Amino acid sequence: MNLSEIIFKGYVPIVLSWLFPIIMLFFAAFFEPNIQMGIFLLLLLSIIVGMLIPGIVISWLIIGLTTVGAGMLLFGYLVIPVNDKVILLLAFPIEAMLVNLVSNWLLKWRALGPNIVSIHRYREHYNLDTKLLTGHNAEKIYSKEIMAIKNYPSYNLSMNITEIHWQNWQQYRQFHPANQRKILHDIAREIKHTRLPSELIYYLGDARFLIISYRVDENTQKTINDTTQKSLQQAFKMPAIQFKWATQQIEYDNYDQFIYFADICKYLDRVMETDVITEYSREGN
């Protein structure tokens, strides 16, 4: 359930279910006492019915009672002003439907309650915009591989860590907030199409993608990265979508510099910042 659904299916009916009877009782104060009592009883009945009876039954009940009431009030011999008749006809069906919407909304959230923890855990491990695993999973895999490199030096284990960052995503989000999620999904799709099946791709948040490659030599890694870079440049030619890159190979000789996942992330961020500064310096010259 997204934000718009929560607002229109929950909060708005709650507000209207309180506001409508207040308005009705306010206008009823100007009517005869018997009309006031009738409106009050109809509102009370609509609240009880809306809370206890299913929506489809309420629909038929409203149709039946409204038809009977309209026949009695409009075509009967009751001498009641037209304004009083209209309010008496509208009081029950509108309030009953509003209360029923609120009741159904609360029941959905009550059923969702036991699964909230599972939902948060799922969102922690999987990003819905990019359809990729998150940094939480990347950190666990990274830590296991670092321990393997440390404990088995004779195996000559190595891994390449590549980070791709959409550098001006915040500015793009300010002008195109609705389209940013689609751009992130398209970026992830392009990256998937150009990488090896054995490579692991993660989304770290803030438009940052991380790729872990196992036992790939530097030349092959550079060729794959160049292919990905060209593919992204061809797919996203807008000035507002520009990418920064950083790659680091980790093996037994240098693993102690990147023991923790945060270490490699900080290092890659510094490399990308340095590249940006160098690029600006060249443009200035």
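Mentor: Exposed means over 50% relative accessible area, buried means under 20%, and partly exposed lies in between, with a 1.4 Å probe and protein chains only. This is a predicted model, in which local features need pLDDT of at least 70 and side-chain atom pairs count only at pLDDT 80 or more, while totals for chains, interfaces and linings use all residues. Residues are numbered from 1 along each chain as its sequence is written, and side-chain values use heavy atoms, leaving out hydrogens and water.

The arc is taken from the directions that run from the helix axis to the C-beta atoms. H2 covers residues 33–52, and its 20 residues reach 29 Å from the first C-alpha to the last, close to the 28 Å expected at 1.5 Å a residue. That expected span is 1.5 Å times one less than the number of residues.

Glu 95, in helix H4 (residues 82–112), touches Leu 43 and Ser 46, and its other partners are Ser 17, Phe 20, Pro 21 and Ile 47, leaving aside residues up to four places away in sequence. Touching, or contact, means heavy atoms within 4.5 Å. Glu 95 counts as buried because its relative accessibility is 1%.

The whole chain gives some background here. Residues 24 or more positions apart account for 68% of the contacts with a separation of 6 or more. Of the 285 residues, 38% count as buried. The secondary structure comes to 10 helices and 6 strands, where helices (H or I, at least four residues) and strands (E, at least two) are DSSP runs numbered from the N terminus.

Gln 221, Ile 224, Asn 225, Thr 228, Ser 231 and Leu 232 are buried in H9. Their arc is only 125° around the axis, so they sit on the same side of H9. The face turned away from that buried side carries the exposed residues Asn 219, Lys 222, Lys 230 and Gln 234. The cover over the buried residues includes strand E3 (158–166), H8, strand E5 (208–214) and strand E6 (243–251). The length agrees too, because the 18 residues of H9 should span 26 Å at 1.5 Å a residue and the end C-alpha atoms are 25 Å apart.

H8 (residues 180–194) packs with H9 (residues 218–235) at an angle of about 145°, and their axes are 9 Å apart. Axes are lines fitted to C-alpha atoms, for helices over the stretch in contact, and angles run from 0 to 180 degrees between N-to-C directions. From H8, the contact uses Ile 187, Glu 190, Ile 191 and Thr 194, while H9 brings Ile 224, Thr 227, Thr 228, Ser 231, Leu 232 and Ala 235. Sorted by type, these residues are 5 nonpolar, 4 polar and 1 charged. Here Ala, Val, Leu, Ile, Met, Phe, Trp, Tyr, Cys and Pro count as nonpolar, Asp, Glu, Lys and Arg as charged, and the others, Gly among them, as polar.

Finally, look at the loops. Pro 197 lies between H8 and E4, and it counts as exposed because its relative accessibility is 83%. Asp 206, in the loop between strand E4 (200–205) and E5, has a positive phi of about 55° although it is not a glycine. With 46% relative accessibility, Asp 206 counts as partly exposed. Arg 215, in the loop between E5 and H9, has a positive phi of about 50° and is not a glycine either. Its relative accessible area of 56% makes Arg 215 exposed. Asn 254 is in the loop between E6 and helix H10 (261–284), yet it counts as buried at 13% relative accessibility. Asn 254 touches Gln 248 and Gln 249, again not counting residues up to four places away in sequence.
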